[in-house]
Amino acid sequence: MNASIRGIIDHMFRDTIVNAETRALHEELLNNCLEHYDDLIARGMSETEAIDAVVDSLKGMKEVIDEYPKKPGTGDQETKAQEEIRVPEKRTEEPDQEASVQEKPSEYVFAPETVRRLKTDLKSSDLKISLSNDNRIHVRCEDMDQLICDQDGDTLVIRLTDKTRESIAAAGKEMNSGEFSLKGLMNFLGKAIGSVASSISVSWNVYIELPAAAFNEFDLNSKSGEIEMKAVLPERLTIHSMSGDIDVEAADGRAAAKVMLSAMSGDIDFSGNADQIIVSSMSGDVKAYGVFHTVEMKSTSGDADFRGEAENVRMASVSGDVTGELRNTDVRSVDGSSTSGDVEIDLANGTDSVHTAMSTVSGSTSCRIPDAGPAARLQIRAKSVSGDVTVR
C-alpha cells in the first residue's frame, strides 16, 4: 500500500464524522486510488508522476465529501480552505514556479495487519515509539515535509529527506549550467556549506505510535538522534545509533526472540524480556533488566549492568565497572571481566553448586559462596586487571 495515497485519503476525511456510510466511502475511494496508482506504475510512470495523476483525479471528490456531516469545531471555512489538499499542476520540463504544491498530511496511518516489519533510517532526529490509542499505526514528524513513508510489501520504511544532499546537488547543477568562474565556485561552496550547517543545527522529532500487536521485526537506525521505544517488543529487534542514546521499555511481558542494541557513544538502557539480547557501546553505559536465556553486554569505556533472570550471562568492559545481579537460581554460567573497573556479581538466595574462578592484578577478590569444585552446575569466571572482583 502506498503511504502517500493513504495519507491523502485520510486527510480528505479528517473533518468528516465517521459512520458506516463515510467509512465505506473512505475504503472504496482508497481502493480505487490504489488500483489506479498500480495501473499507472505498470504503464511505466514514475512514483511521483503516478501520485500526481491520482491526486488530479480527486479534484471532484472534495465537494462530495463536504456534503457529509462534519466533526464539531471544524466549521470554519477559512481554516478548511487552508487545510484542504492542494492539487499540483501537471509537471513539465520547466515547471511553473507559481504552481500550487501538494500539502503533506498531518500524519500517516496504516493498518497493522498490512505491516509486519518496521525500518527507520534517520539522521540527527530523535525517534519516539509509543503505544497508539487505536488499533492502527500512526507516523508523524514535527516537519512533515521532511518525512518519507514507503510500504514495500509488509515492510514499512520511514526516513527523512536528505536536504543537505539535495541542496548541494542543486547548487552544483546551477554552477554547471553556466560558465565556470571563481565567483561561481565560491557561490557553490557557500551554498554547500550553508546547507550542511543547516542540517546540523535543525532536527525534527519523528513519532511512531503502534498498536499492542506482535510484529515480526524492527530495524531502527539513527546517526546522532536518540531512540526511545515504549511498546510491545517484536520477535526480532535491532537498534543502532552512532551517538544517540537508546532507551527501550517493553509495554508487556511478551518476550522477543532476539534483541540487538548498539551505539558508538550513546548510553543503552533496555527493560523487557527476550530469549537472547546483545548490547554494546563504545563509550556509553549499557544496562539490561528483564528475563532472558542468553545475555551478552560490552562497553569500552562505560559500565555494564545486568539485573534480572538469565541462564547464561557474559559482560565485559575495558575501563568501566561490570555489575551482574542474578535473580534466578538456575543460572548456568556467568562471565564478567574488566580491565580497570570493578567486577561485582550477586547471586539469588538459594543458589547452590557454584564454582568460581576469580582473578585480579592490583585489586582484591572476595567470594561469599562456597566452592563446589570444577564440576559444579554454575560456573562463574570473574576477572579484572586493576579493579576489585566480588562474588556474593
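This is a predicted model: local features need pLDDT of at least 70, side-chain atom pairs count only at pLDDT 80 or more; totals for chains, interfaces and linings use all residues.

Reply: Residues are numbered from 1 along each chain as its sequence is written, and side-chain values use heavy atoms, with hydrogens and water left out.

Me: What makes Arg117 and Asp154 a salt bridge?

Reply: A salt bridge needs a side-chain nitrogen of Lys or Arg within 4 Å of a carboxyl oxygen of Asp or Glu. In this pair the closest N and O atoms are 2.8 Å apart, so Arg117 and Asp154 qualify. Arg117 sits in strand β2 and Asp154 in the loop between β5 and β6, 37 residues apart.

Me: Why is Asp335 called buried?

Reply: Buried means under 20% relative accessible area, exposed over 50%, and partly exposed in between (1.4 Å probe, protein chains only). Asp335 has 15%, so Asp335 is buried. Its salt-bridge partner is Arg381, with the closest N and O atoms 3.0 Å apart; at 40%, Arg381 counts as partly exposed.

Me: How do you know that Met264 can belong to a nonpolar patch?

Reply: Patch residues need over 30% relative accessible area and no salt bridge; nonpolar side chains (Val, Leu, Ile, Met, Phe, Trp, Tyr) are joined within 5 Å, like charges within 9 Å. Met264 has 39%, so Met264 clears the area cut-off. The patch also includes Met242 and Met282.

Conventions: Accessible areas come from the Shrake-Rupley method with a 1.4 Å probe; for residues, only the protein chains shown count as cover. Helices (H or I, at least four residues) and strands (E, at least two) are DSSP runs, numbered from the N terminus.
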